[in-house]
Amino acid sequence: MTVVRVALPVPLRQHFDYLIDANAQVQVGCRVLVPFGNRKLVGIVWQLDPNNSFDSNKLKPVVAVLDTDPVLPALLCQLLSFAADYYHYPLGEVLISALPALLREGRNLADYQPKAYQLTDNGKQLDTSTLKRSAKQLALWQTLLRHQLTESALLQQYSRATLKQLIDKQLAEEIIVPPQPFSAPQIAAKGLKLTAAQAMAVTAVTQAFGRFERLLLEGVTGSGKTEVYLQSIASLLSQQQQVLVIVPEIGLTPQTLARFQARFDVPVLCWHSALTDSERLHCWLQASTGAAAIIIGTRSALFLPFWRLGLIIIDEEHDQSLKQQDGFRYHARDLAIKRAALHHCPILLGSATPSLESLHNALSKRFIHLPLPDRAAGQALPQFELVDLKQQVLQFGLASQTLAKIKQQLAQGSQVMLFLNRRGFAPALSCQECGWLTECHRCSAFTTYHKQSRQLVCHHCGASKAIPRQCGGCGSTQLKPLGQGTEQLEENLQQLFPNVAITRLDRDSTRRKGALHQALEDIHGSGARLIVGTQMLAKGHHFPNVSLVVIVDVDGALYSSDFRAPEQLAQLLTQVAGRAGRGSCGGTVLLQTHYPEHALLQDIINNGYASFARSALLERQQTCLPPYQHLAMFSAEAHQTDLCQQWLQQVANGIAAVATVQLLGPIPAPMEKRAGKYRWQLQLYSANRSSMHQALEHILRLVSSWPLSRKVKWQLDVDPTDLT
C-alpha cells in the first residue's frame with residue numbers, strides 16, 4: 001500500500017491522506033472515492049506518496065479509483081491551485097467546482113463517452129441461417145458486417161431491442177470511440193470589409209498567436225468588435241487550435257453561437273447554466289478531446305479542459321456578472337489572464353466601456369491597447385439630450401418632450417427603446433392615508449409589487465406573499481403602487497400607443513424557455529415597435545431599427561456609497577445608448593433626470609465614456625482606491641447584529657497586529673439586513689498585494705479557533721466588485 005493526498009470538497013483549508021494499492025493506476029488530477037466521517041466523498045488526487053504523510057496505520061484506504069487518466073489536466077490544476085491561493089478558498093471545493101455535475105457525483109466517465117458497435121469474432125463467423133427467423137437482427141448483422149456503427153447512427157435505423165438481442169447472443173459488442181480533434185476548415189466564410197482600425201486590431205491579435213499577450217479592444221458601440229473576434233479566429237482555426245469565448249450573460253450565448261456557426265465550418269459549442277447535466281458533460285468531453293473548435297460560454301467555461309487552447313476572448317470584459325458573487329468568488333476575467341499565461345496564448349478583452357482596471361493596465365502599457373473610435377458602418381454615434389424633470393407634469397413617468405419624440409419616431413416606422421432598471425409593476429405599495437410601505441420582514445428593503453402574479457416579492461431574498469387587503473399601519477384599504485417598474489411601464493405604453501407592438505425584456509418576461517429567443521425575433525422584425533426592459537437590453541444586442549433610446553429614470557444610481565457606482569452608471573448609460581442608431585437612421589438618447597447639471601451626466605454627454613474613464617482613474621489615484629490599491633473584504637452575517645460586529649472586530653485587531661493594511665470598518669452593509677440576518681463588513685486596502693495576502697493568510701489560520709466563528713456566517717472576497 002502507498003499513500004495519496006486527496007483534496008476533498010469540504011470547507012477546510014487542508015488535504016487528507018489515504019492508503020491506496022501500490023499497483024493502482026492513478027495520477028494527480030484523477031477522481032477517487034474515499035471515506036470521510038460517516039460519508040463517502042469524491043475527491044481529487046493532489047499528491048502521490050507525500051513525504052510528510054501521517055502514520056499509515058492510522059489512514060483509511062481509498063474506496064475506489066474512478067479514473068485512470070486525469071479529469072483535470074496539469075495546466076488546469078495549476079490554474080485552480082493558483083485560484084485557491086489567490087482567493088483564499090479551500091482547494092478541494094475549487095477543484096470539484098471545475099468538474100461537471102455528473103463527474104462530481106462520481107459517475108463513470110466511460111458511460112458518457114461516444115459509443116459504437118461492431119461484430120465480435122463469433123459474429124463475424126456466423127452462419128446467416130441462424131438468424132433467418134429474425135429479419136431485423138439479420139439486417140443489423142449484415143450492416144455491422146460491412147462497418148461499425150456509432151450509437152446515434154445505429155438507432156436511426158434499428159431499435160435498441162434488436163441491438164440488445166445481438167449483444168446477448170455475443171454476436172455484437174459495444175466499444176468506446178474517443179472523439180477526434182476537429183479538422184481545420186478548408187475555406188472560411190468571407191467576413192465583412194474591415195475599417196483601418198479593425199484591420200490593425202486583427203493584425204495585432206494574429207501576431208500574438210503562440211505567445212502570452214494581453215490585448216484590450218476598446219471600441220465604441222457598433223464599432224464591429226465581434227467582426228474583429230471572427231477574423232482573428234479564422235487564421236487560428238486553420239492551425240487546428242481551439243478558442244474560448246466568454247460572454248457575460250446566458251441571454252447573449254444563443255445569438256453569439258449562431259453568428260459563429262454561420263461563419264465557421266467547425267464544431268461550435270455553448271456552455272452555460274441552462275444546459276442539462278448530460279449536455280454539460282458532452283461539451284466538457286468535446287473540449288478536452290479537441291472535437292470542439294470554439295466554446296462560447298459564461299464565466300464557468302473558463303474551467304473547461306482544452307486540447308490545444310490558442311486564444312481566449314472575453315466579451316464585455318467590464319461586466320459585473322464575470323465575478324462570482326457567492327461561494328468561490330473568482331473573477332473570470334482575471335483568472336482567464338492567468339490561464340492564457342499558462343497556455344502561452346493571447347487573451348483579447350473587448351468592451352465599449354472597459355473597466356477602469358483594464359484601462360489602467362492598457363494606459364500603463366501592461367496591455368496592448370487597440371482602440372476602435374468609430375462605428376464600423378460609418379454611422380454617427382447617438383446624440384444625447386437631457387430632459388429636466390423638475391417642474392414638469394409627467395404622464396406615466398414620461399415628460400411631454402419625451403412623449404413627443406417617441407410619437408415622432410413611431411410615425412416614421414422606427415423602433416423606440418425605453419430603459420428602466422426596475423422589474424415588476426412598482427417598487428412598493430403605499431398607504432394613501434398614513435404613508436405605510438410594504439416592506440420585506442426579512443430584509444432592509446421594500447417588496448416589489450408584481451401585478452400579473454398578484455404577489456409582493458422581495459428581489460433580495462426571494463420571499464413572496466399575497467397582496468394585503470389593508471394597510472399594516474392604520475388598517476386603511478387605500479393601497480396604491482408607489483413608483484414604476486417595467487411591468488407598469490409596459491401597461492401604460494399600451495394605453496398611450498394602443499396600435500403599436502410592445503416587447504418587454506426583463507427577468508420575469510423571459511423566464512419561460514424560448515421566451516427570450518422569441519422576443520429577440522420580434523424585435524428584429526420590421527415596423528414600429530416599443531421595447532421596454534432592464535439592463536438585459538444593454539448586453540451587446542444589435543437592434544438596427546432602434547432610432548430612439550429613452551432612459552426613463554437615471555437618478556437612482558447617481559448617489560451611492562459604493563465608489564464603483566459612477567463607473568457602473570457610466571458603463572450602463574453608454575451601453576444602453578449604444579443600442580440607438582446602429583442601422584441606416586441616426587440615433588438619439590433621452591435621459592430623464594431631476595439633476596441635469598450633475599457632473600457625471602455632463603461628462604458622459606459632452607465627452608463620452610473614454611473621457612469619463614480617464615478622469616475617474618485620476619480621481620481613484622488621488623483617493624488611493626483600486627486599481628491603485630488592492631482591496632479585500634470580510635463580510636459577516638448572523639441573526640444578532642452584535643455578533644457580526646464583534647467577529648469582524650477580532651479580524652481587524654488580528655490584521656492590524658501583523659500588517660500595515662488600511663481598514664475600513666467594521667461597518668453595517670449598505671443593506672444591513674437580508675434574508676433574516678444582519679450583515680456587516682470590513683474592507684482592507686493595501687498598496688502592496690503580497691502584504692495584503694500575507695495578512696489574509698495569517699488571519700485565516702486564526703479564524704477557525706475562535707468560538708465566535710461558529711456563531712456567524714462569514715466570507716472573504718478578494719478584489720470585490722460589489723460592496724453592497
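User: In this predicted model, at what angle do helix α8 and helix α9 pack, and how far apart are their axes?

Analyst: Two packed helices are described by the angle between their axes and the distance between the axes. For helix α8, which covers residues 196-207, and helix α9, which covers residues 225-237, the axes are 9 Å apart. The angle at which α8 and α9 pack is about 40°.

User: Are α8 and α9 parallel or oblique to each other, and which hand does their crossing have?

Analyst: Angles under 35 degrees would count as roughly parallel, whereas α8 and α9 pack at about 40°. The two helices α8 and α9 are therefore oblique to each other. As α8 passes α9, the crossing is right-handed.

User: Which residues of α8 and α9 meet, and how many of them are nonpolar, polar and charged?

Analyst: On the side of α8, the residues in the contact are Q198, A201, V202, V205 and T206, and they meet E227, V228, Q231, S232 and S235 in α9. Sorted by class, this contact of α8 with α9 has four nonpolar, five polar and one charged residues.

User: How do α17 and α18 pack, and what is the distance between their axes?

Analyst: Helix α17 spans residues 565-577 and helix α18 spans residues 599-607, and the angle at which they pack is about 40°. That angle makes α17 oblique to α18, and the crossing of α17 and α18 is right-handed. The axes of α17 and α18 are 11 Å apart.

User: Which residues of α17 and α18 meet, and how many of them are nonpolar, polar and charged?

Analyst: In α17 the residues P566, L569, A570, L573 and T574 take part, and they meet L600, L601 and I604 in α18. The residues of this contact of α17 with α18 divide into seven nonpolar, one polar and no charged.

User: In what order do the five strands of the open sheet stand, and which strands are at the edges?

Analyst: Strands of a sheet pair through backbone hydrogen bonds, either parallel or antiparallel. In this open sheet the pairing is antiparallel, and the order is β2-β1-β4-β3-β5. Each edge strand has a single partner strand, so one side of each is left without a neighbour in the sheet, and these edge strands are β2 (16-20) and β5 (64-65).

User: How many bridges join β3 to β4, and which residue in β4 is the bridge partner of L33?

Analyst: Strand β3, residues 31-36, runs antiparallel to strand β4, residues 39-48, and six bridges join them. For L33, the bridge partner in β4 is V42.

User: Where do cis peptide bonds join P626 to P627 and G665 to P666, in terms of strands and loops?

Analyst: Most residues other than glycine have a negative phi, and most peptide bonds are trans. The cis bond between P626 and P627 has an omega of about 15°, while the cis bond between G665 and P666 has an omega of about 5°. P627 is found in the loop between α19 (609-623) and β27 (630-638), whereas P666 lies in strand β28 (residues 662-674).

User: Is Q391 buried or exposed, and what about C624?

Analyst: Q391, in the loop between β16 (383-388) and α14 (400-411), has a positive phi of about 60° although it is not a glycine. C624, in the loop between α19 and β27, likewise has a positive phi, near 55°. With a relative accessibility of 87%, Q391 counts as exposed. C624 has a relative accessible area of 41% and is partly exposed.

Definitions and conventions
Residues numbered from 1 in each chain as written. Predicted model: local features only at pLDDT ≥ 70, side-chain atom pairs only at ≥ 80, totals over all residues. Heavy atoms only, no water. Pairing = 2+ DSSP bridges. Helix = DSSP H or I, 4+ residues; strand = E, 2+ residues; numbered from the N terminus. Axes fitted to C-alpha atoms, helices over the stretch in contact; angles between N-to-C directions. Parallel < 35°, antiparallel > 145°, perpendicular 65-115°, else oblique. Left-handed = near helix turned anticlockwise from the far one by under 90°. Contact = heavy atoms within 4.5 Å. Nonpolar A, V, L, I, M, F, W, Y, C, P; charged D, E, K, R; others polar. Buried < 20%, exposed > 50% of the residue type's maximum accessible area, 1.4 Å probe, protein only.
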